[in-house]
Amino acid sequence: MELFSLIVVVSVLYLMLLFFDSVFKSCMHHPYDAFLRKTGISIKFFRLQWHTTAFNRLILKWRYICPRLLSKSFDIGVYVTLIILPTVTILLLISVFYTPPKNSVLGESVKLQVVLPFVTLPIEEIPYYVIALIVCSVTHELGHAIAAALEDVPTRAFGVHLVFFLPFAYTEVDQEYMSGLRIWKRLKILCAGIWHNIVTGMICYLILASVPQLASSFYNINDSVIVTSIRPRSPVSAGNKGLHVHDIITHINDCKVRSIKTWFNCLQEAIQYQPAYCLSTDFVRANDESVLVSHNNQIIDCCDPKNKKAICFEHILEKFDDDTELPQFMCLDIRSSIEHSSGYCSRKHRCREGQCFKPILDNSTTILQLQRWYQNDMIYIGHSNDFSRNVKVSEFVPKTSWFSPHIADSISLMLRYLIVFSFGLASINAMPCYGFDGQHLVHALLHNFKNPRFPNDKHRKDMMALGINTFGTVILFILVTKTLWISLIGHLW
Ligand SMILES: [Zn+2]
């Protein structure tokens with residue numbers, strides 16, 4: 001609903017801008033025209049454009065900052081891009097015919113989806129999405145502009161398109177100057193955007209990899225997770241014994257929680273292996289509340305339906321165990337049984353102390369015993385999918401109240417977005433595809449390819465470039481449509 005409101009607000013703002021724009025233009029409102037000319041802003045249908053020549057001189061000056069290093073760096077950029085171009089094309093061609101299996105049943109599988117604004121993107125992550133898009137497209141365009149300046153090609157203008165609320169930067173370099181350059185220099189300018197994206201992605205990756213070390217002075221890392229949010233009115237937070245924001249969780253059942261990854265692994269394990277408990281014979285005898293055994297939807301039940309705190313347990317006997325005095329099914333108070341157990345049974349249902357009792361639950365229900373710092377264990381009975389949807393945790397547990405886990409989480413999330421967008425933009429731009437750098441790269445390479453066996457006819461080379469770029473565009477179109485469809489379906493169902 002929040003997302004829908006945002007779409008409505010942005011649409012209304014655009015419609016108002018369009019209305020006032022057409023009114024002022026039709027009235028020949030001179031101050032308005034002067035304002036648009038001075039600022040370089042133009043208003044189009046659900047699109048704003050900002051065009052400026054203010055940075056042209058500044059960009060020309062940057063060629064004097066380490067020109068040798070920059071030139072060498074752009075040389076490497078050409079080699080890397082020429083490797084990426086065919087690799088990405090082949091990988092995308094394979095991706096058209098391959099759909100990855102959905103191997104996780106928990107919330108983490110969402111990460112495999114394409115992040116689509118308005119569809120799979122959580123509303124709170126839209127600012128990260130927009131900032132990453134601005135940073136990556138500006139660094140890309142700066143790459144072209146600086147490489148052009150190094151080769152004495154002037155930059156005509158720099159600008160940003162705001163399509164709905166997604167920003168895309170662009171640079172206009174002088175095409176006449178550029179076409180007069182030698183092939184290698186032209187390739188350096190064409191590949192510079194992709195190279196800048198790759199360098200940005202690598203720098204962000206290195207920073208992300210060192211976040212645990214950098215943050216270790218302020219946060220306990222790799223030891224537990226902290227609850228950062230719980231959905232309102234969630235059954236998880238009910239009562240004093242429920243889960244609360246800032247609770248620090250160390251274990252789910254007998255699985256140690258150290259990070260977000262182990263948090264999801266432990267939840268997954270809780271679904272796959274329902275826990276069983278080692279209980280003393282005296283305890284079960286004293287607390288058994290069994291009624292007549294019945295079958296409810298093919299699930300054995302031995303408790304009174306009015307008794308909501310108790311669950312029917314199955315007494316699992318080992319082959320060599322001859323203690324058959326206890327009945328096979330016993331109704332026990334779930335919290336009290338877990339608290340009085342001497343531990344979990346092994347995977348083979350063996351106990352060091354006491355005997356093994358397994359709660360009888362349907363396949364979609366599981367028991368989660370959450371061990372917390374400074375508090376009693378929290379016991380949750382329900383679907384672990386619901387649990388993971390209702391509870392959000394952070395692996396950055398603050399050492400003092402001065403720091404919030406949100407600070408470190410926001411930095412990590414921003415870095416992740418920057419990495420994905422940097423490598424994503426680099427890959428897409430390297431594709432031989434209309435509207436991207438790959439299109440111009442293919443054209444430049446074919447027209448400068450000198451080989452006696454290769455036809456030197458301009459028309460035939462144009463036709464070859466047309467064929468390669470059309471092929472790349474079709475592949476990209478099919479892949480984008482397929483990915484959007486899978487993500488949409490995955491999100492709706
Ligand atoms: Zn580019």
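## The big picture

First things first: this is a predicted model. The protein has 493 residues, and 26% of them are buried. It holds 14 helices and 18 strands.

Helix α8 covers residues 260-272. With 13 residues at 1.5 Å each, α8 should span 18 Å, and its end C-alpha atoms sit 19 Å apart, which agrees.

Which residues of α8 are buried? They are Trp263, Phe264, Cys266, Leu267 and Ala270. Looking down the axis of α8, these buried residues fall within an arc of 160°, so they line one face of the helix.

## Helices α7 and α13

Two packed helices are described by the angle between their axes and the distance between the axes. For helix α7 (residues 183-215) and helix α13 (residues 437-447), the angle is about 165° and the axes are 10 Å apart. An angle over 145 degrees counts as roughly antiparallel, and α7 and α13 are therefore roughly antiparallel to each other.

The crossing of α7 and α13 is left-handed. On the α7 side, the contact is made by Ile183, Arg186, Leu187, Leu190, Gly193 and Ile194. Their partners in α13 are Asp437, His440, Leu441 and Ala444.

Helix α5 runs over residues 126-150.

α5 packs with helix α12 (residues 405-430) at an angle of about 45°, and their axes are 9 Å apart. That makes α5 and α12 oblique to each other, with a right-handed crossing. Who meets whom here? α5 brings Tyr128, Tyr129, Ile131, Ala132, Leu133, Val135, Cys136, Ser137 and His140, while α12 brings Leu413, Met414, Tyr417, Leu418, Phe421, Ser422 and Leu425.

## Two residues with positive phi

After α5 comes Asp152, in the loop between α5 and β3 (155-163). Asp152 isn't a glycine, yet its phi is positive, about 65°. Is Asp152 buried or exposed? It has 12 C-beta neighbours inside 10 Å, so Asp152 counts as exposed.

His246 is another residue other than glycine with a positive phi, in this case near 80°. You'll find His246 in the loop between β6 (225-230) and β7 (248-252). His246 is exposed, because 12 other C-beta atoms lie within 10 Å and the cut-off for exposed is 12 or fewer.

## One more stop: Ser388

Ser388 belongs to helix α11 (residues 384-390).

Ser388 and Ile230 are 158 residues apart along the chain, and their C-alpha atoms are separated by 9.8 Å.

How values were computed
Residues numbered from 1 in each chain as written. Predicted model: local features only at pLDDT ≥ 70, side-chain atom pairs only at ≥ 80, totals over all residues. Helix = DSSP H or I, 4+ residues; strand = E, 2+ residues; numbered from the N terminus. Buried ≥ 20, exposed ≤ 12 C-beta atoms within 10 Å, placed from the backbone. Expected span 1.5 Å × (residues − 1). Arc of directions from axis to C-beta. Axes fitted to C-alpha atoms, helices over the stretch in contact; angles between N-to-C directions. Parallel < 35°, antiparallel > 145°, perpendicular 65-115°, else oblique. Left-handed = near helix turned anticlockwise from the far one by under 90°. Contact = placed C-beta atoms within 7 Å.
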